[in-house]
Amino acid sequence: MRKCFKCSQKAQVYLPQHRLSLCKDHYLEWFDNRVEKTIKEFKMFKKEDKILVAVSGGKDSLSLWKALTNLGYQADGFYINLGIGEYSETSEKLTTKFSEKIGRPLYKISLKQEIMPIPEIKKHDSRPACSVCGMVKRYYMNKFAKDNGYKIIATGHNLDDEAAVLFSNTLNWSIKYLKRQYPVLPEEDGFIRKVKPLCKISEKESAMYAVLSGIEYIEEECPFSEGATSIDYKVFLSQLEEKSPGTKLRFYSEFLRKMYPILQKSEEKPVLKPCKICGEPSINEICSVCNLKLKLKKQEERV
Amino acid sequence: MDLKVKYRGQEKILNFDKDKVKAKDVLKALGLSKDFAFVVKNGEIVDENETITQNDEVRVINAISGGKIS
Ligand SMILES: [Zn+2]
Ligand SMILES: [Zn+2]
């Protein structure tokens, strides 16, 4: 039987990459501390900052919201109902319930009202659902935060998400994306500061935190994420991790420490200007969301 | 034995030819790695070598998720 490193009670959690066994209470404490350390390491925000957490009803965003609240940060939730049938219904219900449980406000919008549900958009747009979804999420998050006086957006991206993206960007040598792969994206050109306080927390660690804190989260996968290549990369990296614990954390952390600074030295940044229609920052005259809206409108007129 | 497990919001019956298995056998039966999945037995997270019997309430958590975009 493994014993907790701190109190020698029976351990529930063993973290191979940190060679650490912990009981329930000490694990929850360890998790909060690790989030706090990450916030400080990357100078993400301070106690007096108002933070908007992007919540989806999944383990990562709810665990993040919980940890920030435990640590004494003023973190409110923002939820977008994507209109993906039962999946969206359940995730909205769980998110609402959770916000009541921790006593923090949750702001909700519905894509059905703003544009149209993802399954409908998907009929008119050939891009993968996940990329359309990511685009609209980024757009409404940024707009809502600005309109409501939030200076910081926090998302639940975990170590496995970041390592999988880093791996994919490295396979393709996508310098443009590698240059932006940092757990803090500064405020600039109409974009609000975005941070990822779970970037050094693995997916399993975040799920264990949710389970041990009694968070009810949506375990089902979004039906549209099926076959996402990011899962293949995650499975592959986890095979390496099993053989040699700590690989993912090293891959990601050492990129940030050694490679990221070098990439920053080469200058050439896209120029952003306000979208002609809505005023949100964009590379083109018209931003991608307004563009999508125009396209959908045109197609509807044709019907 | 037939073992009832809760997995991703659903109940599944796993079939083993022994009456006692280990948590890692349950993960293996579902094709999951211990790097991103774990077993909750009677409300507690357990080590991969923990014994599981038919009387245990078993929940398997698969932490891997896809489609997240920054
Ligand atoms: Zn302890
Ligand atoms: Zn626009």
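The model you have open is predicted.

Begin by selecting helix 3 (residues 85-102) of chain A, which lies across strand 4 and strand 5 of chain A and runs at about 165 degrees to strand 4 of chain A.

Next, show the sheet in chain A, an open one of six strands in the order 5-4-3-6-8-7, with mixed pairing. Strand 5 (106-110) and strand 7 (184-185) of chain A stand at its edges with a single partner strand each, so one side of each has no neighbour in the sheet.

Then select strand 6 (residues 152-154) and strand 8 (residues 193-195) of chain A, which run parallel and are joined by three bridges. Here you can find I153(A) opposite K194(A) in strand 8 of chain A.

Finally, select the zinc ion (ligand 1), which is coordinated at 2.0 to 2.4 Å by C4(A) (SG), C7(A) (SG), C23(A) (SG) and H26(A) (ND1). The angles among these four donor atoms are 99 to 114 degrees, and the site is tetrahedral. C7(A) lies in the segment before strand 1 (13-15) of chain A and H26(A) in helix 1 (residues 24-41) of chain A, so the pair ties together parts that are 19 residues apart in sequence. At 26% relative accessibility C7(A) counts as partly exposed, whereas H26(A), at 19%, counts as buried, because buried means under 20%.

Technical notes. Residues are numbered from 1 along each chain as its sequence is written. Chains are lettered from A and ligands numbered from 1 in the order in which they are written. This is a predicted model: local features need pLDDT of at least 70, side-chain atom pairs count only at pLDDT 80 or more; totals for chains, interfaces and linings use all residues. Side-chain values use heavy atoms; hydrogens and water are left out. Donors are N, O and S atoms within 2.8 Å of the metal (3.2 Å for Na, K and Ca); water is not among the atoms, so sites may look incomplete. Four donors count as tetrahedral if all angles lie between 85 and 135 degrees; four count as square planar and six as octahedral if opposite donors are over 155 degrees apart and all others between 65 and 115; anything else is irregular. Helices (H or I, at least four residues) and strands (E, at least two) are DSSP runs, numbered from the N terminus. Buried means under 20% relative accessible area, exposed over 50%, partly exposed in between (1.4 Å probe, protein chains only). Two strands pair if DSSP finds at least two bridges between them. Contact means heavy atoms within 4.5 Å. Axes are lines fitted to C-alpha atoms, for helices over the stretch in contact, and angles run from 0 to 180 degrees between N-to-C directions.
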